[in-house]
Amino acid sequence: MIQRFWRLATLLAALVLAPGAWAAIPVYGVEVVRAYPHDPQAFTEGLFYLNGSFYESTGLNGHSQIRKVDPASGRVLQSRDLSPTYFGEGIVDWRGRLVQLTWVNHVGFIYDLATFRPIGRFSYPGEGWALKEVRRLTVTADGVPVKNVNELEWVKGEIYANIWLTSRIARIDPATGHVVGWIDLTGLVSPQDTGGNEDAVANGIAYDAVQDRLFVTGKLWPKLFEIQLVRRTGADGG
């Protein structure tokens, strides 16, 4: 479950991966199993799937909230707004609670998962991207450091991580921090789908462990996708 790795971070921040490091690691394309509606105004920062619903946190000051969403319709079943002071970041379910970080406010919030009723808050240093740090991983691809690691999901013993400002997801070995595969989301949405907004990047991974389903979306994307991975020929996808 995702709580195992959300606790790994606020660990990673900003440097673009050198292009040569993409080549020697297996690359997976995707096939769309099903497309679901997604709020095109949602600046997605955190996402998980639980008991038939998506739980999502959105960012931007004045637009940040947590929400429970019906997958089939995209309808928001339940929500709670953050004060405009806060820019919402990652969320996780933890023992009947929903825990949320903020970006630069050094404050996290704890809610009752069933009702979204606030039940606590906590502080931490630095920027909040994922959740509570218990140890650090240096993420590398063929020995090259990987930064801009964003929204995370625990999938079958690996950490799946969006790489901010790219259409790639890194599959990370949690024991070593090595990237063992890339997932290429290119083509899931077009610039026309997002109005050409440069902020509308892939961000949001959810995994249904019961039915072995993988979901992805992005900031300001009009769709959320259930996908299957397709291994490309050759390590570089060629």
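Two strands count as paired if DSSP finds at least two bridges between them. Click on Ile169, and you will find its bridge partner in E15, Ile183.

This is a predicted model, where local features need pLDDT of at least 70 and side-chain atom pairs count only at pLDDT 80 or more, while totals for chains, interfaces and linings use all residues. Residues are numbered from 1 along each chain as its sequence is written, and side-chain values use heavy atoms, leaving out hydrogens and water.

Now widen the view to the open sheet, whose 8 strands run in the order E12-E13-E14-E15-E1-E18-E17-E16 with mixed pairing. At its edges, E12 (149-155) and E16 (202-208) each pair on one side only.

Next, select Phe54 and Phe215. Their ring centres are 5.0 Å apart and their planes at 85°, so the pair is edge-to-face. (Rings of Phe, Tyr and Trp, the last by its six-membered ring, pair if their centres lie within 6.5 Å; planes under 30 degrees apart are stacked, over 60 edge-to-face, the rest tilted.) Phe54 is in strand E3 and Phe215 in strand E17, so the pair ties together parts 161 residues apart in sequence. Both are buried, meaning under 20% relative accessible area, with exposed over 50% and partly exposed in between (1.4 Å probe, protein chains only).

Conventions:
Helix = DSSP H or I, 4+ residues; strand = E, 2+ residues; numbered from the N terminus.
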